[in-house]
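Reader: I would like to go through the terms used for this model and hear what each one rests on. Please show the structure before we start.

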Amino acid sequence: MKQRVGILLSGRGSNMMALVEAARDPNAPYGVALIASDKPDAAGIAWAQAQGLATWALAPKNVGKPAYEAALDSALREAQVETIALAGYMRLLSDDFVARWRGRIVNIHPSLLPKYKGLDTHARAIAAGDAHGGCSVHIVTEELDGGDVLGQAEVPILPGDTPEALAARVLEQEHRLYPRTLAEFVSR
């Protein structure tokens, strides 16, 4: 039986799309039970609806963070979600929310963790003179980008690279790494 995954996003959701496409394989160990967003007008929500996927969206500013997270938690549980995959979800989850889903939330981050937690990862890697950037899939904990790393993909930093050019190459690897790593994670 396939594990039921809920995907959280804030924008276009290209990583969400990669996870959905991988879930369509009959041999995939997970299925997408719900696509949820903190932005009702997110392009990823519109795409998911066009695909016939279950969606949920609520803007936290309308209700406050505790009420928003309670509603999100309720929607995920109603959809019988077993694992949450963050895919371009740009909100920090509260410690209480993370505790309720401990060990069952994964995220993709555009750096080779533990390097460059947080934002502006590509610019920081270039400025540091690193030979490689990349991406990491990790377990979400209360510490920002601090959970156990489940998988990584390296991307060379080329002479004259800009953060945008590096980001585009890293994103290609994210689309390969995330579905594979999520499949391995839910199969444990």
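Reader: How many helices and strands does the secondary structure of the protein chain come to?

Author: This is a predicted model. Its protein chain has 6 helices and 7 strands. In sequence order they run β-α-β-α-β-α-β-α-β-α-β-β-α.

Reader: What makes the protein chain as compact as a globular protein of that length?

Author: The globule rule gives 16 Å for 188 residues, and the radius of gyration is 16 Å, close to that value, so the chain counts as compact for its length. Along the principal axes, the C-alpha atoms fill a box of roughly 50 × 40 × 30 Å.

Reader: Which share of the contacts with a separation of 6 or more joins residues 24 or more positions apart?

Author: The share is 63%. As for burial, 49% of the 188 residues are buried, that is, under 20% relative accessible area. The chain exposes about 9,000 Å², with 53% of it supplied by carbon and sulfur atoms.

Reader: How much space lies in the largest pocket, and what makes it a pocket and not a cavity?

Author: The largest pocket holds about 930 Å³. A pocket is an open set of points, whereas a cavity is a set from which a 1.4 Å probe cannot get out, so the open space takes the name pocket. Of its 35 lining residues, Gly88, Tyr89, Met90, Asn107 and Ile108 are the closest to the centre. The elements that give two or more residues to the lining are H1, H4 (95–100), S5, H5 and H6. By class, the lining divides into 14 nonpolar, 13 polar and 8 charged residues.

Reader: How many cavities of 30 Å³ or more does the structure hold?

Author: There is 1 cavity of 30 Å³ or more. About 50 Å³ of space lies in the largest cavity, a value over that cut-off. Its lining includes Pro110, Tyr116, His122, Asp130 and Gly134. Helix H5 (121–127) and strand S6 (132–139) are the elements that give two or more residues to this lining.

Reader: How does the lining of the largest cavity divide by class?

Author: It has 4 nonpolar, 6 polar and 2 charged residues.

Conventions. Residues are numbered from 1 along each chain as its sequence is written. This is a predicted model: local features need pLDDT of at least 70, side-chain atom pairs count only at pLDDT 80 or more; totals for chains, interfaces and linings use all residues. Side-chain values use heavy atoms; hydrogens and water are left out. On a 1 Å grid over the protein atoms alone, a cavity is a set of points where a 1.4 Å probe fits but cannot get out, and a pocket is an open set with protein on both sides within 12 Å along at least five of seven lines; lining residues have an atom within 4 Å of a point. Grid points are joined across faces, edges and corners, and a volume is the space filled by probe spheres set on the points. Helices (H or I, at least four residues) and strands (E, at least two) are DSSP runs, numbered from the N terminus. Ala, Val, Leu, Ile, Met, Phe, Trp, Tyr, Cys and Pro count as nonpolar, Asp, Glu, Lys and Arg as charged, and the others, Gly among them, as polar. The radius of gyration is taken over C-alpha atoms; the globule rule is 2.2 Å times the number of residues to the power 0.38. Buried means under 20% relative accessible area, exposed over 50%, partly exposed in between (1.4 Å probe, protein chains only). Contact means heavy atoms within 4.5 Å. Accessible areas come from the Shrake-Rupley method with a 1.4 Å probe; for residues, only the protein chains shown count as cover.
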